[in-house]
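Please keep the sequence and the structure in view while reading.

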Amino acid sequence: MKLRIFTEPQQGATYDELLAVAQAAERLGFDAFFRSDHYMRIGPGDPGPGPTDAWVTLAALARETSTIRLGTLVTPVTFRLPGALAISVAQVDQMSGGRVELGLGTGWFDAEHTAYGIPFPPVGERFGRFEEQLEILTGLWTTPPGETFSFEGAHYRLADSPALPRPAQSPRPPIIIGGFGAKRTPRLAARFADEYNLPFHTLDDTGLAYGRIRQACETEGRSQIVLSAAQTVAVGADDAEIARRAEAAGQDLAALRASGLAGTPAEVVDKIGRFAELGAERIYLQVMDLSDLDHLELIAAEVLPHV
């Protein structure tokens with residue numbers, strides 16, 4: 001099992017705070033540093049200091065880290081045109097020496113689109129754009145050198161693209177698709193994704209979703225796909241420390257113990273083991289208090305060696 005650190009900067013974080021977490025995660029031996037891709041705080045609270053752009057952040061971190069993998073969970077297709085996104089991700093992959101992964105989704109937070117003048121079409125159209133972006137990204141990144149790429153869809157048209165720059169990873173950076181959708185999500189994950197992620201669901205729901213993904217992969221003729229989960233984490237040596245970290249994550253301790261990864265290191269190791277039994281190979285640990293680097297130290301010392 002690989003443990004990855006997952007941050008939500010739109011809730012209040014500067015680049016320097018993200019850098020500190022990413023470098024700590026690398027030093028402590030976590031597999032990856034991921035961040036959300038949002039332009040506005042979700043829920044009530046102080047909106048400051050304001051958003052940081054996900055791919056600008058990852059480009060900078062690519063030069064200030066050396067081994068940890070970097071990615072988004074997830075980039076909305078509404079934010080960027082697919083050709084421009086392909087260029088940005090490929091460039092960051094080059095800048096990192098081949099350590100980038102792209103989580104891609106339809107987008108869901110309409111208020112941030114309204115706030116920053118970004119079109120937010122109905123869900124059916126967003127899924128149509130999602131599928132076309134996946135075709136374009138994979139097509140551009142796998143076009144043989146010296147050849148061009150063209151695409152004609154309902155939402156996007158590319159003609160004779162040189163398909164440059166090329167990413168450092170071959171054949172392309174890994175693509176992550178997530179969500180609990182029963183039909184379109186499994187089909188697209190089986191067709192395009194290297195990894196399927198289910199965020200913030202129970203063990204029962206996770207098992208159900210993984211079953212749908214396995215069936216979709218069988219239909220698509222694929223033998224395997226990496227399965228992962230994202231869970232809010234609050235680990236402590238005693239109840240007081242656990243409760244403090246759950247509160248910092250904006251959650252009730254009892255609820256988080258049931259729905260997330262909250263408890264002593266032993267409790268959290270046990271629950272991660274139950275995700276592993278379902279087939280999960282990676283767990284994204286959503287840490288909300290980015291100033292609490294002691295939290296990462298504790299997880300690295302008392303959880304990471306046992307999973």
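The structure discussed here is a predicted model.

Strand S2 runs parallel to strand S1, and four bridges join the two. Strand S1 also pairs with strand S12, again in the parallel sense, over six bridges. Where does Arg4 find its bridge partner in S2? The partner of Arg4 in that strand is Ala32, and in S12 Arg4 stands opposite Tyr284. Strand S1 is mostly covered, as five of its six residues are buried.

Which residues of helix H11 (residues 293-302) are buried? They are His295, Leu296, Leu298, Ile299 and Ala300.

## Helices H2 and H3

The axes of helix H2 (residues 54-64) and helix H3 (residues 82-96) come within 8 Å of each other and cross at roughly 15°. An angle under 35 degrees counts as roughly parallel, and H2 and H3 are therefore roughly parallel to each other. Their crossing is left-handed.

On the H2 side, the residues that meet H3 are Trp55, Leu58, Ala59, Ala62 and Arg63. On the H3 side, the residues are Leu85, Val89, Val92, Met95 and Ser96. Sorted by class, the contact of H2 with H3 comprises eight nonpolar residues, one polar residue and one charged residue.

## Helices H6 and H7

Helix H6 (residues 184-192) packs against helix H7 (residues 203-220) at an angle of about 55°, and their axes are 8 Å apart. The crossing in which H6 passes H7 is right-handed.

From H6, the contact involves Pro186, Arg187, Ala189, Ala190 and Arg191. From H7, Arg212, Ile213, Ala216, Cys217 and Glu220 take part. The residues of the contact of H6 with H7 divide into six nonpolar and four charged, with no polar residue.

## Phe127 in helix H5

Phe127 is located in helix H5 (residues 123-141). Is the residue Phe127 buried or exposed? With a relative accessibility of 14%, Phe127 counts as buried, because the cut-off for a buried residue is under 20%.

Phe127 and Thr106 are separated by 21 residues in sequence, and their C-alpha atoms are 6.0 Å apart in space. When neighbours within four places in sequence are left aside, Phe127 is in contact with Thr106, Arg184, Thr185 and Leu188.

## Backbone features

Most residues other than glycine have a negative phi, and most peptide bonds are trans. Leu164 and Pro165 are joined by a cis peptide bond, with omega at about 0°. Pro165 lies in the loop between strand S7 (157-161) and strand S8 (175-178). The peptide bond from Ser170 to Pro171 is also cis, and its omega is near 5°. Pro171 is found in the loop between S7 and S8.

Asp160, a residue of strand S7, has a positive phi near 55°. The relative accessible area of Asp160 is 55%, and the residue is exposed. Phe200 has a positive phi near 60° and is likewise a residue other than glycine. Phe200 is situated in the loop between strand S9 (195-199) and H7. At 37% relative accessibility, Phe200 counts as partly exposed.

Methods: Residues numbered from 1 in each chain as written. Predicted model: local features only at pLDDT ≥ 70, side-chain atom pairs only at ≥ 80, totals over all residues. Heavy atoms only, no water. Buried < 20%, exposed > 50% of the residue type's maximum accessible area, 1.4 Å probe, protein only. Axes fitted to C-alpha atoms, helices over the stretch in contact; angles between N-to-C directions. Parallel < 35°, antiparallel > 145°, perpendicular 65-115°, else oblique. Left-handed = near helix turned anticlockwise from the far one by under 90°. Contact = heavy atoms within 4.5 Å. Nonpolar A, V, L, I, M, F, W, Y, C, P; charged D, E, K, R; others polar. Pairing = 2+ DSSP bridges.
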